[in-house]
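Please keep the sequence and the three-dimensional view at hand while reading.

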Amino acid sequence: MDVAWRLSPRVSVRPEPFGALLYHFGTRKLSFLKDRMLVSVVEHLDEAPSAVAACDLAGVPIDQRAKYLRALDTLASSMMIEERAA
């Protein structure tokens, strides 16, 4: 996760009281982000040089970083986020 990431251009984000819904128009997959901190991390991906930096920008405590990096890995495997040029 030391690479730069972005939300896929084929993904729509809908804010919800519990966090957000992500919908991928290509795969038709829906992801529920039930953690507002994770929503913040995803929102910071475009401006951060890495997933770790996005976590830092979102204010993720260091002792919780692994949890959020795993969540981003899951979003990457479902094509909700993708690598981008730094």
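Does Met79 count as buried, partly exposed or exposed?

The model discussed here is a predicted one. In it, Met79 counts as partly exposed, because its relative accessibility is 45%, a value that falls between the limits of under 20% for buried and over 50% for exposed. Met79 lies in the loop between helix H3 and strand S5, the latter covering residues 81–83. The backbone at Met79 has a phi near 65 degrees, which is a positive value in a residue other than glycine.

Arg28, which is not a glycine either, also has a positive phi, of about 65 degrees. Arg28 is placed in the loop between S3 and S4, and with a relative accessible area of 65% Arg28 is exposed.

## Helices H1 and H2

Helix H1 spans residues 36–44 and helix H2 spans residues 51–58; the two pack with their axes 8 Å apart and at an angle of about 125 degrees. H1 and H2 are therefore oblique to each other, and their crossing is right-handed. On the side of H1 the contact involves Met37, Ser40, Val41 and His44, which meet Ala54, Cys55, Leu57 and Ala58 in H2. Of the residues in this contact of H1 with H2, six are nonpolar and two are polar, while no charged residue takes part.

Within H2, the buried residues are Ala51, Ala53, Ala54, Cys55 and Ala58. These buried residues of H2 pack against H1, against helix H3 (65–77) and against strand S1 (5–7). After H2 comes Gly59, whose phi is positive, near 85 degrees.

## Helices H1 and H3

What are the angle and the distance at which the axes of H1 and H3 cross? The axes come within 11 Å of each other and cross at roughly 65 degrees, and the crossing of H1 and H3 is right-handed. H1 contributes Met37, Leu38, Val41 and Val42 to the contact, and H3 contributes Tyr68, Ala71, Leu72 and Leu75. The residues of this contact of H1 with H3 divide into eight nonpolar, no polar and no charged.

Met37 and Val41 can be followed from one contact to the other, for they are listed among the H1 residues that meet H2 and also among the H1 residues that meet H3.

## Aromatic pairs

How many aromatic pairs does a search of the whole structure find? The search finds two. One of them is formed by Phe18 and Phe32, with 6.3 Å from centre to centre and 40 degrees between the planes, and this pair is tilted. Phe18 lies in the loop between strand S2 (11–16) and strand S3 (19–24), whereas Phe32 lies in strand S4 (residues 30–33), so the pair ties together parts that are 14 residues apart in sequence. Phe18 counts as partly exposed at 34% relative accessibility, and Phe32 is partly exposed too, with a relative accessible area of 48%.

The rings of Tyr23 and Phe25 also form a pair, and because their planes stand at 85 degrees, with the centres 4.8 Å apart, the pair is edge-to-face. In this pair Tyr23 counts as partly exposed, at 25% relative accessibility, while Phe25 is exposed, with a relative accessible area of 52%.

Ser31 has its place in strand S4, and with a relative accessible area of 14% Ser31 is buried. Which residues is Ser31 in contact with, leaving aside its neighbours within four places in sequence? They are Ala20, Leu21, Leu22, Leu75, Ser78 and Met80. Leu75 is also one of the H3 residues that make the contact with H1.

Lys34 is found in the loop between S4 and H1, and Lys34 counts as exposed, at 67% relative accessibility. Although Lys34 and Gly19 are 15 residues apart in sequence, their C-alpha atoms are 4.9 Å apart in space.

Note on methods:
Residues are numbered from 1 along each chain as its sequence is written. This is a predicted model: local features need pLDDT of at least 70, side-chain atom pairs count only at pLDDT 80 or more; totals for chains, interfaces and linings use all residues. Side-chain values use heavy atoms; hydrogens and water are left out. Axes are lines fitted to C-alpha atoms, for helices over the stretch in contact, and angles run from 0 to 180 degrees between N-to-C directions. Helices (H or I, at least four residues) and strands (E, at least two) are DSSP runs, numbered from the N terminus. Angles under 35 degrees count as roughly parallel, over 145 as roughly antiparallel, 65 to 115 as roughly perpendicular and the rest as oblique. A crossing is left-handed if the near helix is turned anticlockwise from the far one by less than a right angle, and right-handed if clockwise. Contact means heavy atoms within 4.5 Å. Ala, Val, Leu, Ile, Met, Phe, Trp, Tyr, Cys and Pro count as nonpolar, Asp, Glu, Lys and Arg as charged, and the others, Gly among them, as polar. Rings of Phe, Tyr and Trp (its six-membered ring) pair if their centres lie within 6.5 Å; planes under 30 degrees apart count as stacked, over 60 as edge-to-face and the rest as tilted. Buried means under 20% relative accessible area, exposed over 50%, partly exposed in between (1.4 Å probe, protein chains only).
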